[in-house]
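I opened this model to look around and keep notes. My entries follow in the order in which I looked things up.

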Amino acid sequence: MDDAELQILKQRAPGLAALYTTAHDAILRAADAAALEQARVSTLGRKSALTELLRSIPTLPPEDRPLLGKGGNTVRRELEALVEEREAELKREALSASLAHERLDVTLPGQPFPAGHEHLISQTMREVEDIFIGLGYRIAEGPEVELDYYNFTALNTPPSHPARSAHDTFWVVEQRETMPEAVMDADRGVLLRTHTSPVQVRVMEQQRPPVYVVCLGKVYRRDSDATHTPMFHQVEGLVVDEGITLADLKGTVHHFTEQFFGGERAIRVRPHFFPFTEPSIEVDVSCELCEGKGCRSCKHSGWLEIMGAGMVDPAVYDFVGYDPEKVSGFAFGMGVERMAMLKHGIPDLRLFYDNDVRFLRQF
Ligand code: PHE
């Protein structure tokens, strides 16, 4: 209704005009959806003045009926349209208010997500692998839950052999030394491998010479103190070919220590015993800290022990069907934690597994 129309209505039906103006203002004043609904009910609802007026038209004098009837209906349509408009307006306002509040700036830089890196033990294993791959070795693997047969028996360590008790084995299915030999064989005990040497047997079962392999992985023993953890890592090496001698073993170890520790390092070989190598040796590397003069970390000897090794015992070849008249070989085993400690001057084994990132981040 424009101003002119409203003027005419005011002159001819002042009551209806006043009703219109009040309703119009009430609708426009509504500040939210609930207030608007209230305004709609009070101005257009069944009990509103307008509805009552429209209902009373049949009772009015005939000459008043056309004006108030037509005018009343116009006012109703106008007010209904106004409610709709106001409703749309309130929705728009609510939307822009929420857009202003809940704004998401997708161009802001993201939360930094720090990338980790390999644990020092894993890094050390990769380094060792790389050195032996450079020499043409293959990487071999074997299970951590192992059969007694591979961990001991086929490594020339039969049930009741005294060397077994030195291993502090975690048994999964135990073989008891009181069992008759026949029962033990049938039972075939299951254990967590105490060294990586069982992989030697598994590799030789799978292939004929020449064999040049290294195996790196977890091993388990039942001790836990400042220098032992129940799980640790070993590197196993096995070479079987024609004409392999102890000199090849020494040359290989010397090359490895220079590559791994860097620079010229002397090695020293001492006799030792392992059931599956003959002769057996332990290898020491010269202490770098004191240049061999003797210090605390080498216990004043000038030497650091790094591995057990030896020439593969012909008894082991019997288990895998190799002919000791035709081939010979060497094997060695090293502790990865110990090598990392020696290389980086780490004083305590337990630091590796405390998982304190302030320590691990340094490598
Ligand atoms: N497996 C032996 C150990 O854990 C080390 C070793 C490996 C010795 C290979 C000789 C040859 O003590």
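**Entry 1: a helix.** I began with helix 6, where L120, I121, T124, M125, V128, E129, I131 and F132 are buried. I take buried as under 20% relative accessible area, exposed as over 50%, and partly exposed as in between, with a 1.4 Å probe and protein chains only. Helices (H or I, at least four residues) and strands (E, at least two) are DSSP runs, numbered from the N terminus. Just after helix 6, I noted G136 with a positive phi of about 90°.

**Entry 2: ground rules.** The model is predicted, so local features need pLDDT of at least 70 and side-chain atom pairs count only at pLDDT 80 or more, while totals for chains, interfaces and linings use all residues. Residues are numbered from 1 along each chain as its sequence is written, and side-chain values use heavy atoms, with hydrogens and water left out.

**Entry 3: domains.** I looked up how the chain is divided: domain 1 covers 3-101 and domain 2 covers 120-360. These bounds come from an automatic or database domain assignment. The centres of the two domains, taken over C-alpha atoms, are 95 Å apart.

**Entry 4: aromatic rings.** How many aromatic pairs does the structure hold? I found 14. Rings of Phe, Tyr and Trp (its six-membered ring) pair if their centres lie within 6.5 Å; planes under 30 degrees apart count as stacked, over 60 as edge-to-face and the rest as tilted. I picked Y137 and Y212, an edge-to-face pair with 5.8 Å centre to centre and 80° between the planes. This pair links distant parts of the chain, 75 residues apart. Y137 is in the loop between helix 6 and strand 1 (138-140), and Y212 is in strand 5 (residues 211-220). Y137 counts as buried because its relative accessibility is 9%. Y212 has 29%, so it counts as partly exposed.

Next I took F256 and F260, a stacked pair with 5.6 Å centre to centre and 15° between the planes. They are four residues apart in helix 10 (residues 246-261), so about one helical turn separates them. Both F256 and F260 are buried. I also saw that ring pairs join F132, Y137, Y212, F256, F260, F261, F330 and F332 into a cluster.

**Entry 5: charges over rings.** A charge sits over a ring if NZ of Lys or CZ of Arg is within 6 Å of the ring centre and within 35 degrees of the ring normal. I noted R202 over the face of Y150, 4.0 Å from the ring centre. The charged end of R265 sits over the ring of F261, 4.9 Å from its centre.

**Entry 6: the ligand.** Which residues come nearest to the ligand? Of the 14 around it, they are H195, S197, R221, Q234 and E236. Here a residue is near if one of its heavy atoms lies within 4 Å. An N or O atom in the side chain of H195 is 2.9 Å from a nitrogen atom of the ligand. For S197, a side-chain N or O atom is 2.8 Å from a ligand nitrogen atom. R221 has a polar side-chain atom 3.0 Å from an oxygen atom of the ligand.

Entry 7: Is D148 buried or exposed? D148 counts as buried, because its relative accessibility is 2%. D148 is in helix 7 (residues 148-151). Its side chain makes a polar contact with the side chain of R164, at 2.7 Å. A polar contact is a pair of N or O atoms within 3.5 Å; within protein, one must be able to donate a hydrogen and the other to accept it, and residues adjacent in sequence count only if both atoms are side-chain atoms.

Entry 8: A cis peptide bond joins P209 and P210, with omega about 5°. Another cis peptide bond joins E278 and P279, with omega about -5°. P279 lies in strand 8. K299, a residue other than glycine, has a positive phi near 50°. K299 counts as exposed, because its relative accessibility is 74%.
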